[in-house]
Amino acid sequence: MSAYGIARQHVEAALAEATGEGVDGDVVLRALLATLAERYRELKGTDDLRAVLQFQLDNCRGDEDHMFMRP
């Protein structure tokens, strides 16, 4: 399984648990974001965290064209 597959599996499990506990899914997603940002900052530092988050924000629409270089 890929890293993204593992992450998706855990997000889905957290959302399912939230539903079972009567917790709003949006609140759980925000808590996951905050927890992940905190942990990533501890591991990689503020500058790397900022770069990763900025990349995600820049590409969150999903309809961007990406330029690829050919050898």
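**Exercise 1. How far apart in helix H2 are Arg39 and Glu42, counted in residues and in helical turns?**

Before we start: this is a predicted model, where local features need pLDDT of at least 70, side-chain atom pairs count only at pLDDT 80 or more, and totals for chains, interfaces and linings use all residues. Residues are numbered from 1 along each chain as its sequence is written, and side-chain values use heavy atoms, with hydrogens and water left out.

*Solution.*
- Step 1: Arg39 and Glu42 sit three residues apart in helix H2, so about one helical turn separates them. Helices here are DSSP runs (H or I, at least four residues; strands are E, at least two), numbered from the N terminus.
- Step 2: Now check the atoms. Arg39 makes a salt bridge with Glu42, with the closest N and O atoms 3.6 Å apart. The cut-off is a side-chain nitrogen of Lys or Arg within 4 Å of a carboxyl oxygen of Asp or Glu.
- Step 3: Arg39 has a relative accessible area of 46%, so it is partly exposed. The scale goes: buried under 20%, exposed over 50%, partly exposed in between (1.4 Å probe, protein chains only).

**Exercise 2. Find how many salt bridges the whole structure holds, and describe the one made by Asp47.**

*Solution.*
- Step 1: Searching the whole structure turns up two salt bridges.
- Step 2: Asp47 pairs with Arg50 at 3.2 Å, N to O.
- Step 3: Both Arg50 and Asp47 belong to helix H3, three residues apart, or about one turn of the helix.
- Step 4: Asp47 counts as exposed, because its relative accessibility is 58%.

**Exercise 3. Work out how helices H2 and H3 pack.**

*Solution.*
- Step 1: Recall that two packed helices are described by the angle between their axes and the distance between the axes.
- Step 2: H2 (residues 25-44) and H3 (residues 46-58) meet at an angle of about 130 degrees, their axes 7 Å apart. Axes are lines fitted to C-alpha atoms, for helices over the stretch in contact, and angles run from 0 to 180 degrees between N-to-C directions.
- Step 3: H2 and H3 are therefore oblique to each other. Under 35 degrees would be roughly parallel, over 145 roughly antiparallel, 65 to 115 roughly perpendicular, and the rest is oblique.
- Step 4: On the H2 side, the contact (heavy atoms within 4.5 Å) uses Ala37, Tyr40, Arg41 and Lys44, while H3 brings Thr46, Asp48, Leu49 and Val52.

**Exercise 4. Sum up the protein's elements and burial.**

*Solution.*
- Step 1: Count three helices and zero strands.
- Step 2: Of the 71 residues, 7% are buried.
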